[in-house]
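Subject: Structure for your files

Hello,

Here is the structure you were waiting for. My notes on it follow below the display.

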Amino acid sequence: HSSGSFDLLGIGTRRTIHFLNGYAVWVEVPDLVDGLPRYLVEESLLSFSQMGQLAESAASKGGDLREALRELKLIPDEELAPVLESWIAHELQKGLDHRGKARFERSEGFTHSARIQEVNPIRALWEGVYRISDDEWFEQELSDLDGRPVGKTRSFPRLFGYLGRDPRLRTVAEAIR
């Protein structure tokens, strides 16, 4: 439930995921084309030429991608918030494959001028785990726990909702409950 910045540092790259009270609220990528514009192209929401226009417009606005999208009318206003939330979740999920250093620096809040989009990191990371794994991986992880005592911790009530939603883990969650 902390606020701060989580930096993913790789060779020649850096991504900063900003958190406010435990929620991912924004992502900074130094290369404007590499962040949101690239994601929009990968999701077939923009063409390559629009990606360049967006990055150029955002650069002229001090890196404000949201304002550049609005000005260029590349994504309808009513779709902008869900698209930004999807992008932030995508960036969180990319962190699961991160190779390199990482650091978290606590702060009192989010002080950037960007308007935030709150993304639940636990839900986003669970979805990311499902994308990079298969049922055999889950079976192996669960079988490794066979014969070990498992019990509830103080965080169980918060996590139960996530465990209970997944059909592969529902029976485990019910057994613990």
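**Aromatic pairs and the sheet**

Trp26 and Trp87 are both buried, where buried means under 20% relative accessible area, exposed over 50% and partly exposed in between, with a 1.4 Å probe and protein chains only. This is a predicted model, in which local features need pLDDT of at least 70 and side-chain atom pairs count only at pLDDT 80 or more, while totals for chains, interfaces and linings use all residues. Residues are numbered from 1 along each chain as its sequence is written, and side-chain values use heavy atoms, with hydrogens and water left out.

There are 2 aromatic pairs in the structure. Rings of Phe, Tyr and Trp (its six-membered ring) pair if their centres lie within 6.5 Å; planes under 30 degrees apart count as stacked, over 60 as edge-to-face and the rest as tilted.

Helices (H or I, at least four residues) and strands (E, at least two) are DSSP runs, numbered from the N terminus. Phe19 is buried, at 13% relative accessible area, whereas Phe104 is partly exposed, at 37%.

Trp26 and Trp87 also form an edge-to-face pair, with 5.4 Å from centre to centre and 75 degrees between the planes. Trp26 sits in strand β3 (residues 23–28) and Trp87 in helix α4 (residues 77–94), 61 residues apart. Helix α4 lies across β2 and β3 and runs at about 85 degrees to β3. Contact here means heavy atoms within 4.5 Å; axes are lines fitted to C-alpha atoms, for helices over the stretch in contact, and angles run from 0 to 180 degrees between N-to-C directions.

Now the sheet. It is open, with 4 strands in the order β3-β2-β1-β4 and antiparallel pairing; two strands pair if DSSP finds at least two bridges between them. β3 and β4 are the edge strands, each pairing on one side only. From one strand to the next the twist averages 20 degrees.

β2 and β3 are joined by 5 bridges, and Ile17 stands opposite Val27 in β3. These two strands form a hairpin with 2 residues between them, and Asn21 in the turn has a positive phi of about 50 degrees. Strand β1 (residues 4–10) runs antiparallel to β4, with 6 bridges; there, Leu8 has Ala102 of β4 as its bridge partner.

Regards
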